[in-house]
Amino acid sequence: MANDLNVSSASRRSFLSLSAAASVALALRIVTEPMLARARVHNFPKDAIRIDANENPLGPCASAREAAAAMVAQGGRYSFWLTDDMVQTLAEMEGLKPEQIRVYPGSSEPLHHAVAAFTSAQRSYVTADPGYEAGMFASNAIGTTVVKVPLTKSYAHDVKAMLAAAPNAGLFYVCTPNNPTGTITSHSDIEYLVQNKPKDSVVMVDEAYIHFCDAPSAMDLVRAGKDVILLRTFSKIYGMAGLRCGAVFARPDVLEKIENYGGWNAMPITAVVAATASLKDQQLVPERKRINARIRSQVFAWLDRNGYSYIPSESNFFMLDTKRPAKPAIEAMAKQNVYIGRIWPAMPTYTRITVGTAPEMEQFQTAWQKVMSGAVTASVGAPPISRRRNLDGLVIPA
Ligand SMILES: Cc1ncc(COP(=O)(O)O)c(C=O)c1O
């Protein structure tokens with residue numbers, strides 16, 4: 001086992017040599033799902049139903065809670081070797097070498113830093129529309145052109161259109177299941193993108209929600225040494241959004257470019273041991289996947305019975321059609337203490353709903369019925385705006 005005086009990795013040593021990238025890193029504000037979900041809201045009232053930010057109401061599993069609690073007393077030390085242990089666990093599970101893995105406090109940081117490393121005014125950022133916005137904010141912050149390509153009719157990434165739209169691409173962002181639609185882009189489409197992309201560009205596959213669905217991971221492309229960056233987070237199925245842990249997987253030379261913008265900072269050790277314990281819990285993923293699928297299909301059955309349209313999702317969230325501009329419905333739901341997600345400009349009548357617990361989804365259904373029947377409106381006034389979380393000063397991608 002290593003200890004904190006034995007910091008031998010070349011990457012860790014090289015963090016001392018600041019590069020030109022440092023100024024970009026300092027300028028780059030990390031945009032996360034809660035910032036996007038809660039830009040307009042709020043200190044939640046007591047007992048609020050929070051199904052707006054794709055969080056996991058189950059929280060960390062029992063062994064993760066125990067591991068984190070037991071670690072608190074040692075919080076006075078950096079204990080880098082705990083991160084090495086976590087990397088080793090991930091490496092064994094995924095059939096990778098530890099040099100192909102970096103751990104961060106969430107996957108938002110490597111996402112932003114990869115955009116900074118591989119895009120520029122000359123090399124565009126190519127993403128799906130609607131898609132997860134964080135990389136677009138990073139692109140705008142550093143002056144990269146954002147190329148948004150509509151999803152296909154089945155809500156997959158249109159990889160051929162993405163290739164055609166950006167011969168100068170620096171990074172293709174593929175989120176599967178896609179946030180916000182919860183839909184899958186097939187492995188063969190991702191492979192096609194990797195095979196046909198411009199030289200020196202990379203494909204970033206964001207698998208934040210992969211454990212909720214049956215689709216195969218793109219990890220085999222990392223194992224094969226392709227120009228692929230794969231992101232995973234412990235914020236979703238593992239229920240650790242507030243503890244903060246994520247990982248990026250890629251070839252060592254690709255990871256080094258990402259690290260120029262930040263990385264190898266000490267991890268919160270409570271999060272690291274909780275993540276390691278979660279990985280070792282063989283029941284966690286199948287059990288939570290089953291729970292989520294069961295509640296989601298109950299909600300879909302209810303929506304079907306009541307004639308509401310939605311996009312069938314394979315994740316822990318889905319897009320629901322209000323059949324009118326969605327903002328008043330979101331505000332009317334908040335008036336009933338049910339906080340649902342935001343709107344994407346490409347789908348202005350839809351709003352994103354996170355799958356919560358069964359009782360939470362029952363409250364959602366009752367409130368939704370009232371809002372859609374016009375029994376409740378938002379006329380009492382909009383929810384208060386949080387000063388801390390608003391996105392003023394950040395350029396929202398057009
Ligand atoms: C698609 C996607 N990628 C990445 C993240 C990053 O999450 P975190 O920084 O909590 O790991 C999120 C969070 O919601 C997400 O939805």
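This is a predicted model: local features need pLDDT of at least 70, side-chain atom pairs count only at pLDDT 80 or more; totals for chains, interfaces and linings use all residues.
Figure 1. The chain has 398 residues, and buried ones make up 55% of them. Count the secondary structure and you get 15 helices and 11 strands.

Figure 2. Strand β5 (residues 169-175) runs parallel to β6, joined by five bridges. To get from β5 to β6, the chain goes through helix α9 (residues 187-196), making a right-handed β-α-β crossover. If you want a pair to click on, Phe172 has Val203 as its bridge partner in β6. Strand β7 (residues 228-233) is also parallel to β6, this time with four bridges. There, Met204 sits opposite Ile229 of β7.

Figure 3. Helix α6 (residues 108-118) is largely enclosed by the rest of the structure, since nine of its 11 residues are buried. The buried set is Ser108, Pro110, Leu111, His112, His113, Ala114, Val115, Ala116 and Phe118. Now switch to helix α11 (residues 252-259), whose buried residues are Val254, Leu255, Ile258 and Glu259. These cover an arc of only 140° around the axis, so they end up on the same side of α11.

**Figure 4. Ser139 in helix α7.** Ser139 belongs to α7, which spans residues 134-142. With a relative accessible area of 0%, Ser139 is under the 20% cut-off and so counts as buried. Its side chain reaches the backbone oxygen of Gly135 at 2.8 Å. Leaving aside residues up to four places away in sequence, Ser139 touches Val115, Tyr125, Thr144 and Val146. One of these, Val115, is also among the buried residues of α6.

Figure 5. Asp129 is part of strand β3 (residues 124-129). Its relative accessibility is 22%, so Asp129 counts as partly exposed. Setting aside residues up to four places away in sequence, Asp129 touches Lys148, Val149, Pro150, Leu151 and Ala346. The C-alpha atoms of Asp129 and Pro150 are separated by 4.6 Å, although the two residues are 21 apart along the chain. The peptide bond from Asp129 to Pro130 is cis, with omega near 0°, and Pro130 itself is in the loop between β3 and α7. Another cis peptide bond links Thr176 and Pro177, where omega is about -5°. Pro177 is placed in the loop between β5 and α9.

**Figure 6. Two non-glycine residues with positive phi.** Asn54 isn't a glycine, yet its phi is positive at about 55°. You'll find Asn54 in the loop between β1 (49-51) and α4 (62-71), and it is buried at a relative accessible area of 0%. Lys323, also not a glycine, has a positive phi of about 65°. The loop holding Lys323 runs between β9 (317-321) and α14 (327-335). At 59% relative accessibility, Lys323 counts as exposed.

Key. Residues are numbered from 1 along each chain as its sequence is written. Side-chain values use heavy atoms; hydrogens and water are left out. Buried means under 20% relative accessible area, exposed over 50%, partly exposed in between (1.4 Å probe, protein chains only). A polar contact is a pair of N or O atoms within 3.5 Å; within protein, one must be able to donate a hydrogen and the other to accept it, and residues adjacent in sequence count only if both atoms are side-chain atoms. Contact means heavy atoms within 4.5 Å. The arc is that of the directions from the helix axis to the C-beta atoms. Two strands pair if DSSP finds at least two bridges between them. A crossover is right-handed if, with the strands pointing away from the viewer, the path from the first strand over the helix to the second runs clockwise.
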